[in-house]
Protein chains: 2
Amino acid sequence: MPTRAGASLVTTLLTDEPAALLRFRYGTEPSFDAAPSWLYEGMAEAFRRGAARLAVAGDDPWLLSHEDQEKVSRVNRATSKAYRPALELIARFETNWTIVPSATPAWAAAVFPNLPKDEALARLWEHIFSASRINHVDPVTAWKEHDANLHRRANHLNERRYSALHFRGPETDLRVGLADDHLWLGGGMTARNGLYCIANIPTEEVFTTPHKDRVEGYVTSTKPLSYKGTMIENIRVKFEGGRIVQAGASRGGEVLQRMIETDEGARRLGEVALVPHSSPIASSGLLFLNTLFDENAACHIALGHSYSSCFRGGAGLTQDQLASQGANSSLIHVDWMIGSNRMDVDAITAAGDSVPLMRAGEWV
Amino acid sequence: MPTRAGASLVTTLLTDEPAALLRFRYGTEPSFDAAPSWLYEGMAEAFRRGAARLAVAGDDPWLLSHEDQEKVSRVNRATSKAYRPALELIARFETNWTIVPSATPAWAAAVFPNLPKDEALARLWEHIFSASRINHVDPVTAWKEHDANLHRRANHLNERRYSALHFRGPETDLRVGLADDHLWLGGGMTARNGLYCIANIPTEEVFTTPHKDRVEGYVTSTKPLSYKGTMIENIRVKFEGGRIVQAGASRGGEVLQRMIETDEGARRLGEVALVPHSSPIASSGLLFLNTLFDENAACHIALGHSYSSCFRGGAGLTQDQLASQGANSSLIHVDWMIGSNRMDVDAITAAGDSVPLMRAGEWV
């Protein structure tokens, strides 16, 4: 239990998926543009007063797939807007936080649709334990080593100060300019309250922030994106001057369209992340339909808000200063997977030279 | 479902009894004086912005009975303090609100300890439906009639402007002076947002506010009090000048003691209520171990905060003005039952005459 580690007051906020569905079934028309801002403002206040955040994720990836997608989008937008003050504090690591997965029957059934329910749940737990290095003989040491490796990788990239990344793969040819004074991160970090935290468990990525105006070319998703209860498959978008000028998907295209119409920043990148194809999660060969897992199985990009922690001295910079260095601003931050064992990644130096970073999905 | 009645956004806050227990098992020492004030402040803000409140009560009456009662008291105190701003808005009916019961396995097992679990749950639901007049042919009309009866009863008492009540029964001889410009209430009322609400379902009481300095004599509880997961039985207290000068109980005496030590107001009365012994809940002969039921089965008094709505024009009065009229102020408001079929109640007029109100637990 969390408090065995010495936590003080623990306040649990439980979500209820049946109640979330009832909303779409019985809610009045104006309610779909409403969000409990008092609750999110309260959470922000709690973070300001020093509360840590432990999110336990086990959502049913299909929960909202049969609901009216226009209403789903409106709810997502209203919620993102109300949640923003709290999210800002989280993104700036004003407090320590982490997200961990927990197997639920609905999630397990989505990942293993052909297994009996009990077996599906047990299998998902096994994968969670394996991906989270819990079944190592000494999980704490295993995490320390893994964390050190991710830091080494990020430091290496930080020393090089590359100006762009070039992704090439099937139906992908994308040049992602990196923000000025960008910082690669990976593994844990010390939050501004002085506590060290690993924000995502599991984690396999090193990531930084693209320059919002310097993304060119086209890119195709390599795994379905489970986005707030709906599924978006085979996303294909084209960037010009950092902005999506063309977007489609073989499934969930309407949801994608509404997502990128959330605001101007929703059409631009807020994150780019490198993950080798040999990561334990990718090796499982499974689609977990959960960003916490799937984003750690493949190189990915995120549409929307960028993290100020991905800038040198970012915590001390104003939003205007960050924007002038290329930081993107949006109500959303949605990761989706573009990596595979057929993806090559080159780094581009300030002088314009190409340096191979990954070949066939693996670090060079 | 609530939203079928046209509710807008519905935000559910779920409590989790196992988590509440874990707190007592694993919480750090200082955590027992802490409360999530950010959450309660948020709720107050929600009420200010027009949110209604629907509380669904089905607590396990025995939940905390095996925990360290000193820690339980500290938690109750910290929670009451943090909740106070929200409770003030509720007590003043700034918004419409109601509390309704819902049968839970733990509550049902406490009420029917000798029945199989399923049967206990079904029986408790039957009693909830019966007490809440849901199994009438036309429940809405039944409620309108019942509500009109309670209003008639309250109006009658308001016209008389009695200055005190005198309770006599086995081990009870208590004179409860009523506050200046007190107002008897019963049934539903129009909240300050203009919406009519019946704050408790079921409800059988008419009630008003005693004068905090004018309570004399001794009184003995006639039903056990289930107080935040512990049971207090055979409470016996003596009042002088409105203040408890002696208190004991055959069980839970320590919890009672800590409760009345919460603050100065916790030793004084904030409510007095009249309920005939023939009320449907009393007729069931059951002890529900839930204030929502048990307080509607018998005349009762409450220690602690009084309701400004129990004063003529109370909503427009300051706390100081209310206090000068006899209103009590406290972090707590705890009802307990003093009525029975052996209780006589007289009203005392301003001239000092006695008028019989109830004999052997029934209205005269």
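Modeller: The model is predicted, and 46 salt bridges are found over all chains.

Colleague: Why is the contact of Glu41(A) and Arg49(B) called a salt bridge?

Modeller: The side chains of Glu41(A) and Arg49(B) meet at 2.8 Å, N to O. The criterion is a Lys or Arg side-chain nitrogen within 4 Å of a carboxyl oxygen of Asp or Glu, so the pair qualifies.

Colleague: What makes this pair a link that joins two chains?

Modeller: Glu41(A) belongs to helix α2 (residues 37-48) of chain A, whereas Arg49(B) sits in the loop between α2 (37-48) and β1 (53-57) of chain B, so the pair joins two chains.

Colleague: Why is Glu41(A) described as partly exposed?

Modeller: Buried requires under 20% and exposed over 50%. Glu41(A) has 35% relative accessibility and therefore counts as partly exposed. Arg49(B), with a relative accessible area of 45%, is also partly exposed.

Colleague: How do you know that Arg49(A) and Glu45(A) form a salt bridge?

Modeller: Their closest N and O atoms are 3.0 Å apart, which is within 4 Å, so the label applies. Arg49(A), at 44% relative accessibility, counts as partly exposed, as does Glu45(A) at 25%.

Colleague: Where do Arg258(B) and Glu254(B) lie?

Modeller: Both are in helix α7 (residues 253-260) of chain B, four residues apart, about one turn of the helix.

Notes
Residues numbered from 1 in each chain as written. Chains lettered and ligands numbered in written order. Predicted model: local features only at pLDDT ≥ 70, side-chain atom pairs only at ≥ 80, totals over all residues. Heavy atoms only, no water. Buried < 20%, exposed > 50% of the residue type's maximum accessible area, 1.4 Å probe, protein only.
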